[in-house]
Amino acid sequence: MSLDELKPGQCATVISIDGDSLFRQRLIAMGVTPGTWVMLRKLAPLGDPMEIRVRNYSLSIRKKDARAISVNLVEGA
Amino acid sequence: MSTIALAGNPNSGKTTLFNRLTGTRQTTGNWPGVTVEKKVGMIKYHGDILTLVDLPGIYSLSPYSLEEIVTRNFILDEKPDVVINIIDVTNLERNLYLTLQLKKLGRPLIVALNMMDEIVSHGDKLDTDKLEELLGVPVIAISAKKNEGMDNLLEAVITMAKDHSSNLPDYDPDGHHGHHHGQPGPHGPQDGHGRHSGHGRHNRHEHQLEQSAVDDRTLITDSDSADEKSNELDLQPLKPHIPTHEHVHRHPDGVVHAHPHPIGHHLSVSANHYPEETDEQTADLYRQASAIHDQVLIHSHPPHAMTRSDKIDRVLTGKWLAIPIFLLIMLLVFQITFSENIGGRLTELLDVFFQDIIGGAVNSWLAAAQAPVWISSLLVDGIIAGVGGVLTFLPQISLLFIFLTLLEDTGYMARAAFIVDRIFQKLGLSGRSFIPMLMGFGCTVPAVMAARTLENERERRLTILITPFMSCGARMPIYAFFASLFFASNKGLVTFSMYFIGILIAIISAVIISAFSRGKGHTEAAFMIELPPYRLPDGKSLFLHVWDKVKDFLVRAGTLIFAMTIVVWFLQSFDMRLRVVADNSESIFGVIGSVIAPLLRPLGFGNWQSAVALLTGLVAKESVVATIGILFTEQQLLTMFTPLSAYAFMTFTLLYTPCLAALGAIKREMNSWKWTGFAVLWQTGMAWSVSFLIYQVGKIMGLG
C-alpha cells in the first residue's frame with residue numbers, strides 16, 4: 001500500500017519511494033529512508049496535505065506525493 | 001583571530017545561540033554572489049576575540065539548495081578553526097544526520113546540545129558522555145534560550161581553536177591530542193579525516209573516497225592521493241561514506257578543497273554541479289544516527305505520548321478550529337498594527353513631534369538667525385517634512401515585524417503553510433508561498449528572497465511575481481497620509497481596503513499567470529515542510545531581529561530618503577537653467593512630470609506632482625509621501641485631489657512596480673531579465689488598470 005492510504009493514527013514502515021527525483025532525494029535526506037517507521041498524524045483541515053511523524057518529528061507532505069511512498073502497514077501499533 | 005562557524009538544522013535554536021554569543025556585535029550581509037543571508041558576529045570572552053559566522057539553517061549537506069552549498073563551501077574553503085554544530089536534542093536523530101555529514105568535512109567540530117531542559121522536563125535522559133564517546137567530538141549541553149552552558153561551550157571552542165592554530169595537528173577525531181573526549185566506542189562511527197598535520201602523518205582518507213572515485217563522478221584527485229590511500233590507517237567499522245566530495249580536490253598538502261565553481265543561481269543548475277549523495281549513503285548515515293540515538297537517549301514514556309506541543313497543535317490545526325483561529329490571528333496582527341488605538345496613536349505622537357515640535361523649533365531658530373529663505377525651505381519643507389514624514393511610521397512597521405517574527409519563532413508560520421496549502425495549490429502556488437507572501441507585508445526584499453525555499457521553479461516564479469502585491473511597510477505611510485486627509489472618519493477601513501485589494505490582485509494574477517504557464521509541460525510541484533514543535537519565542541532574539549529591521553528602516557530614512565528629499569527639493573526649486581523658480585510647475589520636476597502626467601489623467605491624478613512622486617517612489621516607496629509633502633501644502637492637496645482620485649492614487653502606489661531594491665532582489669532570484677521585465681510590466685499594468693477602473697467606475701457612480 002502507499003502512505004496516502006493510511007488512516008490517521010496508523011503506523012507503517014517505508015518500503016521504497018519512487019517518483020520525482022528531487023522530492024525523493026529530499027524525503028530521504030529528511031530521514032524517510034526504507035525501513036523507517038512513519039505514522040500518519042492527521043490531515044490538514046481542508047483534507048490535504050497530511051502530517052506524518054517520522055524519526056520523532058513532524059513532516060508535512062501532500063497526499064498525491066505520499067502516493068509515491070510504498071509502505072507496510074504495522075497492525076495494532 | 002579565530003573564525004568559528006555555527007551550523008545546524010532549521011529550528012534548532014541556532015539563531016538564538018548566535019544572538020546569545022554575539023549580542024549586538026553582529027553584521028548582516030549576503031554570501032558573495034548569492035542572496036543567502038550571512039550573519040557575522042564578534043565574541044569577546046576572557047580576552048579572546050572570536051569571529052562567529054552563522055551558517056544557513058540546513059537539514060542536510062547534500063547540495064540541493066544554495067544554503068547547503070554555501071555551508072559546504074564555507075567549511076571547505078574558508079576552513080573555520082572550529083565548527084559548532086548545534087543540535088536540537090528533542091529531534092536528535094535527524095539532527096545527528098547533519099552532524100555525521102559535518103564530521104566528514106574534516107574541520108574541528110564541537111556539538112552543542114540545545115534544548116536539554118526540554119528533554120529533562122519530558123522526564124527523558126540523555127547520556128552526554130556516551131554521545132561524546134560515540135561521536136568522537138566534544139559535546140556540550142546548553143540551553144540557548146535560558147543562556148545556560150555558554151561558558152562551557154566557549155571554553156571548549158577556545159581550547160579547540162588554540163589547539164588548532166598552534167602548529168599541533170588540528171582536530172583529531174580519535175582524541176589523541178589532549179581533548180578530553182573519550183575514545184570512540186567499537187561501534188562508533190569513526191572516520192579518519194585529520195588534515196595534513198606537518199608531522200609527516202599523512203592524511204587518512206575515508207575508505208569511501210575510493211568508492212566515490214569509482215563512482216565516476218567528477219572527483220579529481222591529485223597524483224599523491226593514491227599514495228595517501230595506501231597509507232590509510234583506519235578501517236571504519238561502519239564504513240561511513242563521503243557524501244559530497246564530488247568536486248573535491250586534494251592539494252599536495254593534503255588539504256581538502258572544494259573546487260571553486262560559479263554558484264549558478266538557479267537551484268536546479270547549481271544542484272547539478274554536485275552529483276547527489278546516493279540513497280544508500282544517506283540511509284547508512286541515518287542508520288548510524290539512529291543507532292547513536294538509541295544508545296544515548298533514555299525515554300521514560302512511550303514514544304508516541306502527547307507532548308505539550310502536540311496538545312497545542314490539536315487545537316491550532318484541528319479540523320474545526322484551525323481556519324477560524326488562523327483568520328483570527330491574521331486579523332489580530334493587522335488590527336493591532338494598523339488600528340487607531342495602538343499603532344495609529346504612536347504614529348500620531350511622532351507626527352506631532354516631527355512636524356510641530358522639531359519643525360517649529362527649527363523654523364523659529366532660523367528666523368531668529370535671519371537665515372536665508374531657501375535654507376529654511378530646504379530644512380523645514382524639504383528634510384523635516386520628507387524624512388520626518390517617513391519616520392512617523394516607525395511604530396507601525398516595528399509592530400508588524402514583531403508579529404511576523406513571533407509567528408515564525410513560535411512555529412506557527414509552518415502551520416499556516418500547512419493549513420492554507422490546499423487553497424494555494426488551487427492557485428498554482430504552494431502552502432510554502434504563504435511565508436514569503438506574509439513577509440511581503442513587512443518588506444518585499446526579504447520576502448522575495450524567502451521564496452527560495454520553494455523548490456519548484458514555476459511556483460517560485462509565481463510567488464515572486466505576486467509577492468510585491470502584498471503591501472510592504474514602506475507603502476503604509478502613503479495610505480496613512482492620504483487616508484487621514486481624505487477619509488478622516490474611515491481611516492482604518494480605507495487602509496485595510498488597500499491590503500485587501502493587494503491580496504485580491506495577487507490572487508487574480510496567480511490564476512491568470514498559472515493558467516498560461518500550466519500548459520507548458522511543467523512538472524507537478526511537491527510540497528514538504530517541517531512542522532517544528534511549538535516553542536515560546538526568545539525575547540532577546542525577538543528584540544535583535546526586530547531591531548535589525550528597524551535599524552534598516554532608520555538607516556534608509558537617514559541616508560536614502562534624506563538624499564532623496566534634498567534631490568526632490570532641488571529639482572522642484574530650480575528650472576532647467578538652474579534658476580530658482582517662483583512657481584514650481586516651471587521647475588525641472590514640473591517639466592518631467594508634465595510629460596508623464598497625461599498618462600495618469602484617466603486615473604484621476606494627471607498632475608505633474610503626482611507623476612514625479614510616483615517616479616521618486618521607484619527609489620523607495622516612502623519617497624512618495626516625502627515628495628508629496630514637499631510639493632504640496634495640505635490645502636493644495638485638497639484642491640488637487642478628490643477622495644476618489646486620492647483612492648485611485650493610493651491603489652496605484654500599492655500595485656505599481658516595487659522599489660529598485662525589490663526589483664534587484666527579483667532580478668537576482670529570477671536570474672532573468674525577461675522575467676524581471678515581465679514583473680515590472682505586469683505590476684504597472686495592473687496598477688494602471690485597477691486605478692483606471694476605480695476612478696472611472698467611481699465617476700460614473702457619481703463619487704468623483
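Which side chain meets B:Asp54 in a salt bridge? The partner is B:Lys14, at 2.8 Å from N to O. A salt bridge here is a side-chain nitrogen of Lys or Arg within 4 Å of a carboxyl oxygen of Asp or Glu. B:Asp54 lies in strand β4 of chain B and B:Lys14 in helix α1 of chain B, so the pair ties together parts that are 40 residues apart in sequence.

This is a predicted model, in which local features need pLDDT of at least 70 and side-chain atom pairs count only at pLDDT 80 or more, while totals for chains, interfaces and linings use all residues. Residues are numbered from 1 along each chain as its sequence is written, chains are lettered from A and ligands numbered from 1 in the order in which they are written, and side-chain values use heavy atoms, without hydrogens and water.

**Salt bridges**

Over all chains the count comes to 21 salt bridges. Three of them are listed here.

| Pair | N to O distance |
|---|---|
| B:Asp54 and B:Lys14 | 2.8 Å |
| B:Arg535 and B:Asp88 | 3.3 Å |
| B:Arg94 and B:Glu530 | 3.2 Å |

B:Arg535, in the loop between β12 and α22 of chain B, is 447 residues apart from B:Asp88 in strand β5 of chain B. B:Arg94 in helix α3 and B:Glu530 in strand β12 of chain B are 436 residues apart. Buried means under 20% relative accessible area, exposed over 50% and partly exposed in between, with a 1.4 Å probe and protein chains only. B:Asp54 and B:Lys14 are buried, as are B:Arg535 and B:Asp88. B:Arg94 counts as buried at 1% relative accessibility, and B:Glu530 at 6%. A network of salt bridges links A:Lys42, A:Glu51, B:Asp313 and B:Arg415.

**Sheet and helices**

Helices (H or I, at least four residues) and strands (E, at least two) are DSSP runs, numbered from the N terminus; two strands pair if DSSP finds at least two bridges between them. In chain B, seven strands form an open sheet with mixed pairing, in the order β2-β3-β4-β1-β5-β6-β8. β2 and β8 of chain B stand at the edges with a single partner strand each, so one side of each is left without a neighbour in the sheet. Strands β3 and β4 of chain B run antiparallel and are joined by seven bridges; B:Tyr45 stands opposite B:Asp48 in β4(B).

Helix α1 of chain B lies across β1, β2, β3, β4 and β5 of chain B, at about 40° to β3(B). Angles run from 0 to 180 degrees between N-to-C directions, with axes fitted to C-alpha atoms, for helices over the stretch in contact (heavy atoms within 4.5 Å).
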